[in-house]
Amino acid sequence: MAQLFGSAAVLAVKLTGIAAVVLAAVALLAWHSAIAARPSPGAPVQQPLPFSHKHHAGDDGIDCRYCHASVEQAAFAGMPSLHTCMSCHSQLYADAPVLQQLRAAFSGTQPLAWRRVDDLPGFVYFDHSIHVNKGVGCSTCHGEVDRMPLTWRVAPLSMQWCIDCHRAPEAQLRPQAQIYDMRWRPPADQPARGAQLHTAYAIHSTRLLTACSTCHR
Amino acid sequence: MLDLPPLIQRRDFLRLMSAALALASGGCVRRPAARIVPYAQTPSGLTPGEPQFYATALTQGGYAHGVLVRSDDGRPTKIEGNPAHPASLGATGPIEQGRILELWNPARSHAPLQQGLATTWQSFTSMLAARLAGLQSRGGAGLYLLTGATSSPTLRRQWQRIAQRYPAARWHVHEAVDRDAVRAGAMRAFGAALEPVYRFHRARIVAALDADFLAAMPGAVRHARDFARARSPEQAGARMNRLYAAECMPSVTGAAADHRLPLRTAEILELAQRLEARLAGNAADGGPPWFDALLADLAAHRGESLVVAGEAQPAEMHELACRINARLGNIGRTVDFIAPPPVAGESLAALVEAMRGGTVDTLLVLGANPAYDAPADLEFSAALGSVPLSVHCGLYVDETARLCHWHLPAAHELESWSDARAFDGTACIQQPLIAPLYGGYAVHEVLALLSGEHDATAHGLVQATWRETFGNDFETSWQQALQAGVIAGSASSAVKVALRAAAPAVARTVPRDAHDLELNFRPDPCIWDGRYADIPWLQELPRPLTQLTWDNAALLAPELAVEFDLHNEDVVELWVADRRIEAPVWIVNGHAPRAVTLYLGFGRRHAGDVGSGRGVDPYALRTSGAPWFTAGLGLRSTGTRVPLATVQHHHRMEEREPVRSGTLSRFLAQPDFAREAADRAPPPTLYPDFPYEGHAWGMTIDLAACIGCNACTIACQAENNIPTVGKDEVLRGREMHWIRVDRYEAAPQETGPHTDFQPVPCMQCEHAPCEVVCPVEASVHDAEGINVQVYNRCVGTRFCSNNCPYKVRRFNFLQYARDAPGLDAQRNPEVTVRNRGVMEKCNYCLQRIVRGRIAADRDNRRIADGEVVTACQAVCPTQAIVFGDLNDPASRVRANRELPRNYALLGELDTRPRTTYLAKITHPREPDDAA
Amino acid sequence: MSGYGLLAEFDSPDALLAAVRAAREAGYRQLEAFAPFAVEGLDEALQLPRSRVPLLALLGGIAGAGGGFFLQWYSAVVDFPINSGGRPLDSWPAFVPAMVELGILGASLAAFAGMLLLNGLPRLRHPVFEAAPFARASRDRFFLCIRGADPRFDAQRTHAWLQQRAALSITVLPAEAP
Amino acid sequence: MNATAAEVARPAAPEAAPVLLGHHTDGSITDRITGIVLQRGRGAGFWLAIGISGAATVLFVVAIAWLFARGVGIWGINQPVSWGFAITNYVWWVAIGNSGTFISAFLLLLRQRWRTSINRFAEAMTIFAVAMAGLMPILHLGRPWFFYWLAPYPNAMNVWPQWRSPLVWDFFAIATYLIVSILFWYMGLLPDLATMRDAARRRGRQLAYGLAALGWRGDARHWHHYRSAYLLLGGVAAPLVISVHSVVAFEFSFANLPGWHSAIYAPYFIAGALFSGLAMALTITIPLRAIFGLHDFITARHLANIAKLMLACGWIITYTYVIELFTAFYGGDRYEIHTALARMGGDYAWIYWTVVACNVLVPQLIWWRAVRASPLALFAISILVNVGMWLERMMIILTGLYQDFLPSSWGNFTPTFWDWAILAGSLGAFALLFILFIRFVPALSMTELRRLNRDITQAGS
């Protein structure tokens, strides 16, 4: 009886075994990344016309609420009606070719379809008004929008990410005056301030904030 | 296979109007990129994503029911009652709830048709103009108008103008379920065609003589509220009312009765005659115990009693009811008489005669469907063929539309301006919620063509009507009327009535053979006379007494079934004279033994994909001489069977007492008679209780108030995007209603079986058995004690459903939620649409709680009691459902929960339900009740 | 070192046992015996130490059960406490079944993997496979291998010694393949 | 042997037969068993069996594809009967696995020599049955593609399984059971795979068996660790099989439904599992023995022993049937009493009485020596018991659900074509796997037979 497996065969078997293990690991990782949160920040989103938050909010200093008018009263922050856009652009850059789409939309020929930057699945019910009213500022989730020529998603918007804040909101709470401050950073004494604000805003218990029904229904 | 409507093309306006999601290709692999389409100019008062409510009214048979319609980004999505409207007081019946789907029904007519081919409005108007020019010279002779019953002041005003232009024109009114006999009875009694308005809250003794005043009568929702008020064991106490009902087919009203007598419809008239005679002292003693008890009670409650007769009874009966009420001094106290809100018109029979006679040259049928629902003996369809020009205007290309030369799509009531009167004469303005989806025309605009006002809009016409009434301050009054949904002070004032001398006391000669079979027709509790046949919610809503869906049947008593050896679903042949139909049998305990009842509205041939071909057409047996009941019914088994879809197979309580009930005297002697050990002290447990420091939501359902009308079921369906599943799936036991109304029959008594209703939503158990068995945390508790179902986490093991002792969980066995355009535009955007494979159930209208919580949190306050109202609670005509915070000592729900008649369903299982019941209290006359 | 060793073939377990005992007596220590089934007494004859497989299995079982319980406790109590049916967060009796299963799984995997590990398996190439008669080692023949590494091993003398034990055949095994 | 006159008159007790017939040597045992795989041609019978079971497997695949496309609504399940054939099949299949483990683990620990010739395919039966069983709860899910949510793993949702659910316990139990069964089976197979490697003549087979044998040499050290590990696996498999069937029982007894919520369920299910597993073992052994002429290795004694064990289990089952009724009435709970009565007299009474006939009455035939000695009779009994036990699970699920607490929600269940297709398909897939097993793997443990043969000859000599 000779050796059934030559050394080359054994090597082949070993390599195959290693390859199988590697393949399985890669498949597992691929699956896991497929179900994992999206990478953040996301890429800048191309819009039908190159709207720049940097220009409008940063350089011109237009308040967030001028366009996102319902952010303090409603779940939906509000997208500016074309009328809002035209209130300036009927005077400024009234003939600029770049705004051709806007004018076309305003005159009703073709609707203007903005692409969503921050989107949530249909079974997640997010309410802007309660966050803004309870000390969560714009930049906490949307980043420094006033420095974005084209807007991109800053946060992963995964459940893990949402729930991290719902478990310990005090880390992100700011005074009402600074809600729309794009430069706000947690100050050094944020733990103490946050706890104070938590009480002042009468924010619900973590048990309620992390209950499934707070976001899903 | 599902029998649901097929998909149709999405309407363009949807894309433009709402910030809707649209799928876009490319880019991200994970999720398709969504788009936001902003308004060009945001409509005033609208915040995108936030609902708005508009007051308007829905009409049926000419009677208005005031409603508030929820609009989400311009889409009408839900109908609520209007608290300011006298017919509603904030509630609605089941039909009003379903009518939002009528608006969105993709099967509605989309375009004018000429001989069945699509044409344009212009070609119709020019054709009509030419026609009218010819008629003008003859003074309009040959111009005939046929409408359904209407109370619109604008329409009445328009007709007056038309009559001026065309003095010889004729207006006929056809309503399959009419109230002609009521007015005729008042004419016999008082000399004027009047209508009664009942004040049930003042009546301590009510006798319903074939009168389903709680469900199938104008003002029924209001009746239910008033009736329940006078019946509350806490509020009325020993003065609680008592209801006697004599009827053939058990009705919601009969089920609520303390004493019920099943009789053939014809026999009820004799009963009333005897009653009148005895009260007048003109007859000798003697009668069944039911009769003697009623007599004694009526005699003892002069001015506090009420005799109500139903539409199906002849004019003689209504005359008798007037006379008895007058004799008892009830007029002006428990009943008033007013001028009938609907406009009087000539009859359909007269029209058909004219058609046959060749005098009809041009016929306009507006909103009526006589080709389906006219009495068979009129042979309307045949007569219609001899009319030179016939025009139909309606929501659907229905049976009549197909026989007419022209068809015009009508605007829905929620799409057009109009006005209407309620059962008590109160007027209101109907305002549109949305532009006509399918290019329909308001009835006023069609009539304006006749009156020569070619450019008039419905809005202008209605405003013109009210300009006279409102006078100088028109704008303010108009805005107030629109906001309130009623025109203040417009209720009809009571007419002073005086009895005329009694007509010759000749009993109607009904052949009275004790063995003769009687055939009865009654409007279907859901699809009425057939006009709502294409609304799947209504088709799938269980009929209160039979729990049948999607079909009608020959309803008959067990005694008759035994005699003919019939079982449920056996098909029988029914015939009256030479007219015959075949219908499956459904046995109803408590039905009069020698009679058969058919619900109208089925057997539609051209109702749309949902309603066509369902059930059997009873109109084939109905004649103008005997519209409601007829003697001489023949019945024969055919030996075939048709499956019928019921949602409840077992109607006995099996000594489990899910419904606990007692008489008033028992309640007064021992108020907590319904409580068992588990209700007095919770069973011992090893587990510490979970603390609920914030709100602790809970609900009580008062079984003494519940009349089993099913409005809660369909309101919940509308609010929570609950799909219909179709007949086949109901047959398999897969209906989806989150709150069902169980029906139980107690042991048969002398007056037939005693019926109990019990609405069963999720009990929101604190020790929820469903949650512990869920492997993936899809069924869990939230911080305020709601047992929530997280659809996006559910994998569909259905273990929760097995372990739910109340079986309130519903499973999407197949993909029931369809992407049918129109139907998905109706959906509540605040509620997830569930996919197949997912469990769902009641969550106390979580979306409403969250909305209330966020609103309160924004203002840094607690949610007030009554601020959050569940859909079932809002719609309930009798306010049987109360929802609120159990932790709030001042809340209504807490007060109810502390009532001695509060008990938990299956409390012995220690599930600790948050939803509890208040025991049913009845008030039968007892032997020692003094006269 | 000249080779792996000498492989002697026997026709019965008794002959093998006798040869093993004799080899031990003769002072040979690096012995390998091969049989088509587990021969009773061979372990004692070879004076094999107690197997470590049970120890590994015990460790595996403890790791499975302990890890399983910790996982359940941590996820249900610490990481995301959720009120499920009003039951306490630390519903430890409910954690027992999964813990038991994981313990058994750990023990089984450890026993199996330990057996392979301690036996140096899988090993597809081995010097004994060079011997032609060894094809019957999995059938009906019994083999004794005296390793070349044994201090007492001497190619000729050992060969002769084996012949005296009535071996059916004796094969010289070459050194292990690189 | 000194036979008395009485013993001569009566047919010989089958259990008196030896566990091994004929005069075998190590070599003859090896040749006989390797021959099944290596020498026997693929005759028409083989292809017929492959054809039938393959066709049923195709039906299985089609039924699953349709199920995934449409949803579980293609079955007859509804509210209130929201569990149906899938769970019945599951419990039935997992129970069949029981006897394989029982024969190899318990009988190993109890040093029962007659286990030797049947443990290999009994274990294979376990694996294939558990594989079929493991599929069923996944198919049963409304959204089967999310079945892995029952497993704990780090995820972006930060959500874990709900550990109080018996379904999660079951997930771990079935996974463990399947893995341990495969390990146990494979480990027992290792030396035989080496034999196959050495006996095979074709290069491809040599390589395949050689790879699978992992280089097994039969070294005394191998045997040393092997015996220790094998005994240990047997030692953990025994409590494992008890725990698995207890957990399966918990899926019912932890629910609060009348007829389900009962403390007797765990032992009831364990005994029932052994009962049906032994029946399936007979169903498989008897034709196998006849087709491959294994009368020397699987003797009348084996069949009679299995049959007698089955009879014993039948009596335990009978006891639980009786005690279930007793506790229902003795406890006085109105729901339990109703369910008990609804079982015996309701719409599905025929199931109950068929179950009683198949599981209580039919096994009593085994008291007769002639029945025990007749493979044909035992085969018929085993089929009836299989049917009876499947129906018993159906009865438990159906009658537990169709009339529970509130009479308003009572409702019946009617299976559809797809219900039957899944059942038939799983039987076909099981048969196909088993045929392939016979075709490619030594169906009897040669190693252990050699040793048994030695022991017997030594004891005899």
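In chain C, the centres of domain 1 and domain 2 lie 44 Å apart, taken over C-alpha atoms. Domain 1 covers 5–50 + 127–173, and domain 2 covers 53–118; such bounds come from an automatic or database domain assignment.

A word on the source. This is a predicted model, where local features need pLDDT of at least 70 and side-chain atom pairs count only at pLDDT 80 or more, while totals for chains, interfaces and linings use all residues. Residues are numbered from 1 along each chain as its sequence is written, chains are lettered from A and ligands numbered from 1 in the order in which they are written, and side-chain values use heavy atoms, with hydrogens and water left out.

I will stay with chain C. Its strands E2, E3, E1 and E4, in that order, form an open sheet of four strands with antiparallel pairing. Strands here are DSSP runs of E with at least two residues, helices are runs of H or I with at least four, and both are numbered from the N terminus. Two strands count as paired if DSSP finds at least two bridges between them. Strand E2 (31–34) and strand E4 (169–173) of chain C are at the edges with a single partner strand each, so one side of each has no neighbour in the sheet. From one strand to the next, the twist averages 20 degrees.

Strand E1 (residues 5–10) and strand E3 (residues 142–147) of chain C are joined by six bridges in the antiparallel sense. Leu6(C) has Ile146(C) as its bridge partner in E3(C). Helix H5 (residues 155–164) of chain C lies across E1, E3 and E4 of chain C, at about 10 degrees to E1(C). For angles, axes are lines fitted to C-alpha atoms, for helices over the stretch in contact, and values run from 0 to 180 degrees between N-to-C directions. Contact means heavy atoms within 4.5 Å.

Chain B has an open sheet of seven strands, with mixed pairing, in the order E26-E20-E25-E22-E24-E23-E27. Its edge strands, E26 (629–631) and E27 (633–641) of chain B, each pair on one side only. The twist in this sheet averages 30 degrees from one strand to the next. Strand E20 (residues 518–522) of chain B pairs with E26(B) in the antiparallel sense over three bridges, and Glu518(B) stands opposite Ala631(B) in E26(B). Helix H8 (residues 265–279) of chain B packs on the sheet and touches E20 and E26 of chain B, its direction at about 90 degrees to that of E20(B).

How many residues are in the largest nonpolar core? There are 328, and Leu144(C) and Trp93(D) are among those with the most contacts inside it. A nonpolar core is a set of buried Ala, Val, Leu, Ile, Met, Phe, Trp, Tyr and Cys residues joined through side-chain atoms within 4.5 Å. Buried means under 20% relative accessible area, exposed over 50%, and partly exposed in between, with a 1.4 Å probe and protein chains only. Helix H6 (residues 166–199) of chain D gives the core its largest share, 17 residues. Leaving aside neighbours within four places in sequence, Trp93(D) is in contact with residues including Met132(D), Met280(D) and Phe430(D). Another core, of 60 residues, lies apart from this one and includes Trp537(B) and Phe602(B).

Last, salt bridges: a side-chain nitrogen of Lys or Arg within 4 Å of a carboxyl oxygen of Asp or Glu. Over all chains the count comes to 87. Glu50(B) and Arg851(B) form one at 3.1 Å, N to O. These two residues are 801 residues apart, Glu50(B) in the loop between strands E1 (35–36) and E2 (51–60) of chain B and Arg851(B) in helix H26 (residues 846–858) of chain B. Glu50(B) is buried at 14% relative accessibility, whereas Arg851(B) is partly exposed at 30%.

Glu40(C) and Arg227(D) form a salt bridge at 3.4 Å, N to O. Glu40(C) sits in the loop between E2 and helix H2 (42–46) of chain C and Arg227(D) in helix H8 (residues 220–253) of chain D, so this pair joins two chains. In chain A, Glu144(A), Asp146(A), Arg147(A), Arg183(A) and Arg185(A) are linked in a salt-bridge network.
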